[in-house]
Amino acid sequence: MFKNIPFERVQWITSSFLIGTLALAVTAVPLYLILVSTGTWFLWALFFFYTAATGLSITLGYHRLFSHLAFKAKRPVKWFVILFGAAAWENSVITWSSEHRRHHKHVDHDDDPYNINLGFWWAHMGWLMFKLKPEAPIDNVKDLEKDPALVWQHKYIHFIAAFMGFVLPTLICGLYYGSWMGALGGFLIVGVLRTVIVQHATFFINSACHYIGSQPYSSTHSARDSWLMAIFTFGEGYHNYHHEFQHDYRNGVKPWQIDPTKWTIWLLSKVGMTSDLRRVSEAKILLAEIQQARSRIQQGLDYCGGDQFTEAARLKLQASIDALHHAQEELAARYDHLQTVVKDRVEFSKGRVAVWRRELREAMTHLDEILEFDLVPRAV
Ligand SMILES: [Zn+2]
Ligand SMILES: [Zn+2]
């Protein structure tokens, strides 16, 4: 069973940490809850605070602020991210951002550190447990290396992580409850269980968000939009949009999409703690959606032209096929128009955006009719 594992490439310290914390989370944590205590409101409040603080430090800080420079942040926000981000046990801002920038630059190819083409498990955590290739140099984060606070975090990352991630919650609970068992609860629930949850939520962005969901903006890469993943990842589940427009501070760009990281950045900007929030223009986003819709419609029409359908089925679907042909022509004209809007930075009215979006949705409904029809057993 183990003969295919390249033992000489195993990262023993990282692997032991990942497996050890996971093992404690599924054994010691339930035993503590059953045999010692289910915890009072204080323990669970601290757990939720720590989950949000460390999770958001990764999504808002490590990811959108430092890796993508999607907005600017004042010193208190930066230091919060530096301290609580370390407690997520995902290495320093400098290392994390370097790997992440390589992921965007080489997505789905050899130099992508978490290349999904090597499988779900590899993209999830395998890439951390095995080093199949020599470590790539950290040469794409020169801007971050100029920040003394980030250099300090990079230098002492394991001490900061141990203190903020494990020692501090253990101390807080020990002092609050005044007992060793109270301290143990802080270590197991707020330290270990929270670390495992936040780490796997981040890992899911590299694995599941390149695996499940839709591709409304582009299919030139494997990234996908999934509202379900967005719930577990503070909004990072809208990964197709993110790979298309990585400098936008929003991942869930539509007003109704679940993106707590976006909401937090926006709220912080209202109290002067963040500024220069970068947004891609409506016209540019719509252009990408139309382009993507056109290629999907073309695939749908090619599919209808093949021999998948009986003549009777084709007749039944004729209205949808006609609608798609019509939509294809309309979208081509819209596309050309939008290209000039984007190129010449012309004002583009919100009203028109709404009308074109509605047309786009209708075209996609016709496409879904055709694709769903194929799922029904066909007449022979
Ligand atoms: Zn990605
Ligand atoms: Zn990114």
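This is a predicted model: local features need pLDDT of at least 70, side-chain atom pairs count only at pLDDT 80 or more; totals for chains, interfaces and linings use all residues.
Modeller: Local features here require pLDDT of at least 70, side-chain atom pairs count only at pLDDT 80 or more, and totals for chains, interfaces and linings use all residues. Residues are numbered from 1 along each chain as its sequence is written, while chains are lettered from A and ligands numbered from 1 in the order in which they are written.

Colleague: Why is N91 called buried?

Modeller: A residue is buried if 20 or more other C-beta atoms, placed from the backbone, lie within 10 Å of its own, exposed if 12 or fewer, and partly exposed in between. N91 has 21 such atoms and is therefore buried. N91 also has a positive phi of about 75° although it is not a glycine, and is found in the loop between α4 (75-86) and α5 (93-105).

Colleague: Why is D276 called exposed?

Modeller: D276 has 11 other C-beta atoms within 10 Å, so D276 is exposed. Its phi is positive as well, about 50°, although D276 is not a glycine. D276 lies in the loop between β2 (274-275) and α14 (282-305); helices are DSSP runs of H or I with at least four residues, strands are runs of E with at least two, and both are numbered from the N terminus.

Colleague: What is the expected span of α10, and what span does this helix reach?

Modeller: The expected span is 1.5 Å times one less than the number of residues. Helix α10 (residues 180-206) has 27 residues and reaches 38 Å from its first C-alpha to its last, close to the 39 Å expected.

Colleague: Where does α10 bend?

Modeller: The bend is about 30°, at R194; this is the angle between axes fitted to the seven residues ending there and the seven starting there.

Colleague: Why is α10 described as largely enclosed by the rest of the structure?

Modeller: Of its 27 residues, 20 are buried, so the description applies to α10.

Colleague: What makes a set of residues a nonpolar core?

Modeller: Its members are buried Ala, Val, Leu, Ile, Met, Phe, Trp, Tyr and Cys residues joined through C-beta atoms within 7 Å. The largest such core has 68 residues, and V93 and A363 have the most contacts inside it. Helix α14 gives the most to this core, with seven residues. Apart from it lies another core, of twelve residues, among them Y32, Y50, F187 and I189.

Colleague: Which residues are in contact with V93, leaving aside its neighbours within four places in sequence?

Modeller: They are Y62, F66, I82, G85, L144, L150 and Q153; contact requires C-beta atoms, placed from the backbone, within 7 Å of each other.

Conventions
Two residues are in contact if their C-beta atoms, placed from the backbone, lie within 7 Å.
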